[in-house]
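The structure comes first, then the points by topic.

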Amino acid sequence: MTMSTPPKGTPLAEILLEITNELAMASSLDDALIRFVERATELLHADRGTIFLNDPVTGELYSRVAQGTIVREIRILNSSGIAGWVFTNDTPAVIDDAYQDERFNDEVDKRTGYQTRSILCVPLKTLGGEKIGVAQVLNRKEGQFDKNELEFLQRLSGQAAIALQTKLIVERSEHSRRQESAFLDV
């Protein structure tokens, strides 16, 4: 299948390999998330991007936002807003006007002071088909997002999910180890 892949003229396989290598070099889950979002945002000529990971314990999608040296989480129900709809329905979405879409939840915009106009959002799934979250890019710098860009984000996200799942497993096991160590210290 042929498709126009940003940047024009660069083969899709080459872009996917670059993404794989960048995420493999990431030192942590947070680093991998930042690298992926920056690269996807750049390639899709978007203003901003986010990965929301699913927290199966709380039923929430969460995104970590770095602000200087502080990392804070934004959490939403995994059925709330466009991201929740995409996650729950396992269906990608192209939204040209977020505030005109009944699924859009403007709470994150209110908390961050950011104005979302357009959205590309896709499920983030492992090779085995397990949904681990969603990837989205916001506000195309010129024009509107199209179906080719949606397909491109799906391919990028599919590739990224492999590395992100590995980083997520490592982070969760390190967290469990720290909890066990703290319990033993008590």
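Strand β1, residues 46–55, is largely enclosed by the rest of the structure, because eight of its 10 residues are buried. The model is predicted. Strand β1 is joined to strand β6, residues 131–140, by seven bridges, and the structure holds one cavity of 30 Å³ or more.

**Strand pairing**
- Strands β1 and β6 run antiparallel.
- Phe52 has Val134 of β6 as its bridge partner.

**The cavity**
- The largest cavity contains about 30 Å³ of space.
- Its lining consists of Phe36, Val37, Ala40, Gly49, Thr50, Ile51, Ala135, Gln136, Val137 and Leu153.
- Helix α2 (29–43), β1 and β6 each contribute at least two residues to the lining of the largest cavity.
- Seven residues of that lining are nonpolar and three are polar, while no charged residue takes part.

**Ser157**
- Ser157 lies in helix α5, which spans residues 147–185.
- The relative accessible area of Ser157 is 1%; the cut-off for buried is under 20%, so Ser157 counts as buried.
- Leaving out residues up to four places away in sequence, Ser157 touches Phe36, Val122, Pro123, Leu124 and Ala135.
- Among these contacts of Ser157 are Phe36 and Ala135, and the lining of the largest cavity also includes Phe36 and Ala135.

Technical notes: Residues numbered from 1 in each chain as written. Predicted model: local features only at pLDDT ≥ 70, side-chain atom pairs only at ≥ 80, totals over all residues. Heavy atoms only, no water. Buried < 20%, exposed > 50% of the residue type's maximum accessible area, 1.4 Å probe, protein only. Helix = DSSP H or I, 4+ residues; strand = E, 2+ residues; numbered from the N terminus. Pairing = 2+ DSSP bridges. 1 Å grid on protein atoms, 1.4 Å probe; cavity = no way out; pocket = protein on both sides within 12 Å on 5 of 7 lines; lining within 4 Å. Points joined across faces, edges and corners; volume = space filled by probe spheres on them. Nonpolar A, V, L, I, M, F, W, Y, C, P; charged D, E, K, R; others polar. Contact = heavy atoms within 4.5 Å.
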